[in-house]
Amino acid sequence: MSLESITENVDDAVSGFFEPIAKWLGEIVFYAVPVGGTDLPLIVAWLVVAGLVFTGWFGFVQLRKFRLAVDVVRGKYDDTDSAGEVNHFQALTAAVSGTVGLGNIAGVAVAVSIGGAGATFWMILCGLLGMATKFVEVTLGVKYREVHSDGTVSGGPMHYLPKGLAERFGKNGKAFGKVLAVLASIMILFFGLFGGNLFQVNQSYAQLVSVTGGEDGAMGSSAGALLFGILAALVGIVLLGGIRSIASVTSRLIPAMAGIYIVACLVVILVNVTAVPAAIGTIIEGAFNPEGVAGGVLGALIIGFKRAAFSNEAGLGSAPIAHSAVKTKHPASEGLVALLEPFIDTVVICTMTALTIVIANPASWGEARTDESIGGVTITSDAFETVLPWFPYVLTVAVLLFAISTVLTWGYYGLKAWTYLFGRSTVSETVYKSLYTLFAVAGSLLTLQTLIDLADAVLFSLAVINIIGLYLLAPVVKRELNTFLAYVRERESTPAARDEDERLKTGH
């Protein structure tokens, strides 16, 4: 029996078993109600409302404290003698690597195809709101993290839900938080194996096959798939090094891959610079003009919000796991750093993708506006190809870098969920890392689409659990923010601190 037939049989068997479960859970998690001629998924509304609430609660912290957040990332308020494993910049890049990925390339193309150019406007707005949610959850992640005897750190909703709720509401809060923590761990682990690992490897392999001659090319055979899977499994070596190793890789990888992608976008934009004002006008007009937009204004809004929410993961509870490893004595300092994450992911990278597509206006985008089955990464690739005929190869590199960074970060997230459930012993961690590596190999051989759909539903059900906890613990975040701001004012009032600030500005 050939390898192809074996993998097909495995795919069919898995799909046949899990498809009813995935369909049932998906109908619940992504339940939509008709609004203004289009469907509004309640989970998207849940995430957007949280962003609105926290934006108001913390007085537009994402705007008022943006500059302070940048200063923290630059190292102005670093606590080198604090507990933790990585600095602020490394924690940010590790977390960003888990969100910046194929959604920024393919997901945006889907958004502007179904929702029109105006979906970009609403995507940006959702990204700005998500900054406030990310600030809240990451502050809690650092506040209630667990520092182990060997200096390593564990954090995330599985820690701040039971600890925070116990602190605020006593025994009953602790019991409730414990239940939520176990559920959160299961959901993070499941998505890590399938969405953050298998799916990323599968899609990056598919892009590699497409630029190497397709199914008849060098990588189109089962042997090529297996070789790619083995290479993908090498990420396990980095995973063995923990967050320090991951942060060391992502602190170089994220700026590199974002730089490659943004430069390519700028090339297309600059070549068509005279079309930029009209493109911006199209985006703004499309956000409020229902003509030619699926579902009218609400259709553009919902599609934009949906893609942004799926891309930046604000409110899902995943990012606090990486941010919790930061070296700091002030939890809110890392919360401020984290609010930059949706800005980078959605406001910058997603917007650059959308603007590139609108300006280039490839034929495939026009086709996708009338046929929703056409779209995704093909549109983005075609947009770049209008100026850079060789860009599909560069896009392949970008996709591979995005995939590797996502696999690494979700490997770490899954490890923290696994050790919360099964303990931190050497045997337990080795079992997980071996399992995660096998899933990377399987990603190039199998599709397991049903399990990936199930993983998506599981991850977004985590948002329900997590945001309930965020609402209940928001007063704690308010206190932590006030404490950090007082620390900042005190530092800036001393001569030594002013000298250090000047050194950072001049580089001497």
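## Lys-143 and Glu-480

Lys-143 is partly exposed, at 31% relative accessibility. Here buried means under 20% relative accessible area, exposed over 50%, and partly exposed in between (1.4 Å probe, protein chains only). Lys-143 forms a salt bridge with Glu-480, with the closest N and O atoms 3.0 Å apart. Lys-143 lies in helix α7 and Glu-480 in helix α21 (residues 449-492), so the bridge ties together parts that are 337 residues apart in sequence. Glu-480 counts as buried, at 14% relative accessibility.

## Basis

This is a predicted model: local features need pLDDT of at least 70, side-chain atom pairs count only at pLDDT 80 or more, and totals for chains, interfaces and linings use all residues. Residues are numbered from 1 along each chain as its sequence is written, and side-chain values use heavy atoms, with hydrogens and water left out.

A salt bridge is a side-chain nitrogen of Lys or Arg within 4 Å of a carboxyl oxygen of Asp or Glu. By this rule there are five salt bridges. Helices are DSSP runs (H or I, at least four residues), numbered from the N terminus.

## Glu-341 and Lys-134

Glu-341 pairs with Lys-134 in a salt bridge, with 3.1 Å between the closest N and O atoms. The pair links distant parts of the chain, 207 residues apart: Glu-341 is in helix α16 (residues 340-360), Lys-134 in helix α7 (residues 119-143). Both Glu-341 and Lys-134 are buried.

Asp-71 and Arg-74 form a salt bridge through their side chains (2.9 Å, N to O). They sit three residues apart in helix α4 (residues 66-74), so about one helical turn separates them. Asp-71 is buried, at 13% relative accessibility. Arg-74 is partly exposed, with a relative accessible area of 40%.

A network of salt bridges links Asp-71, Arg-74 and Lys-76.

Note on methods. Helices (H or I, at least four residues) and strands (E, at least two) are DSSP runs, numbered from the N terminus.
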